[in-house]
Amino acid sequence: MSIEDDIQQPKFKSIYSKVLINLIYTSNWLKEREMSILKPYKLTVSQYNVLRILRGQKGKPATINLIIDRMLDRMSNASRIVDKLEDKGLVTRKQCPNDRRAVDVIISKKGLDLLNELDPKMSAWEKKFKILSQTEAENLSELLDKLRLAK
């Protein structure tokens, strides 16, 4: 379906307006699909992102600042997200031995197990993107990178 059909708007002010609206609409569409995968696990998209960041640390602790730097949604409150993940037993926190003001966060076995359970579901979701050829996917990614240069 086209963006015109999806939002029932036959004309746009300009092609750039159409691109902007299409990006926002598609971003929300993607987030809704991801949320539907995570909902049965009582995880938000941001919590899932933090768990993936911590798994990528391969057992090394991460500070809240490192998590913030790597988050997909920079507007998220990383400290609050880590609090919720800790309440669920998915991460542990300790005071950083080198800097008493900093906190080290590490993913727990329960957190790793949860990600391992989610991996096949997320892989199946990712496979749906194979509607794009590899070249189309590379071009789209490059175009999205280019758009972010507009700051």
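**Rings, pockets and a helix**

Mentor: To start us off, the structure holds two aromatic pairs. Keep in mind that this is a predicted model, where local features need pLDDT of at least 70, side-chain atom pairs count only at pLDDT 80 or more, and totals for chains, interfaces and linings use all residues. Residues are numbered from 1 along each chain as its sequence is written, and side-chain values use heavy atoms, with hydrogens and water left out.

Trainee: Are the rings of Trp29 and Trp125 stacked, tilted or edge-to-face?
Mentor: Rings of Phe, Tyr and Trp (its six-membered ring) pair if their centres lie within 6.5 Å; planes under 30 degrees apart count as stacked, over 60 as edge-to-face and the rest as tilted. Here the centres are 6.0 Å apart and the planes are at 50 degrees, so the Trp29 and Trp125 pair is tilted.

Trainee: How many residues apart in sequence are the parts that this pair ties together?
Mentor: Helices are DSSP runs (H or I, at least four residues; strands are E, at least two), numbered from the N terminus. Trp29 lies in helix α2 and Trp125 in helix α6, so the parts tied together are apart in sequence by 96 residues.

Trainee: And what kind of pair do Trp125 and Phe129 make?
Mentor: Their ring centres are 5.1 Å apart. The planes stand at 75 degrees, so this pair is edge-to-face.

Trainee: Which residues form the aromatic cluster?
Mentor: Trp125 pairs with Trp29 and also with Phe129. That gives one cluster, formed by Trp29, Trp125 and Phe129.

Trainee: Is Trp125 buried or exposed?
Mentor: Buried means under 20% relative accessible area, exposed over 50%, and partly exposed in between (1.4 Å probe, protein chains only). Trp29 is partly exposed at 35%, and Phe129 is partly exposed at 37%. Trp125 has 15% relative accessibility, so Trp125 counts as buried.

Trainee: Which helix gives the most to the lining of the largest pocket?
Mentor: A pocket is an open set of points on a 1 Å grid over the protein atoms alone, where a 1.4 Å probe fits, with protein on both sides within 12 Å along at least five of seven lines; lining residues have an atom within 4 Å of a point. The largest pocket is lined by 41 residues, with Phe129 among those nearest its centre. α2, α3, α6 and α7 each supply at least two residues, and the one giving the most, with 12 residues, is α2.

Trainee: What is the volume of the second largest pocket?
Mentor: Grid points are joined across faces, edges and corners, and a volume is the space filled by probe spheres set on the points. The lining includes Met1, Asp6 and Trp29, and its largest share, four residues, comes from α2. The volume is about 220 Å³.

Trainee: How many of the 12 residues of α3 are buried?
Mentor: Val45, Tyr48 and Leu54 are among the buried ones. α3 is largely enclosed by the rest of the structure, because the number of buried residues is nine.

Trainee: Last one: how far apart are the end C-alpha atoms of α3?
Mentor: The expected span of a helix is 1.5 Å times one less than its number of residues. For the 12 residues of α3 that should be 16 Å, which agrees with the end C-alpha distance of 17 Å.
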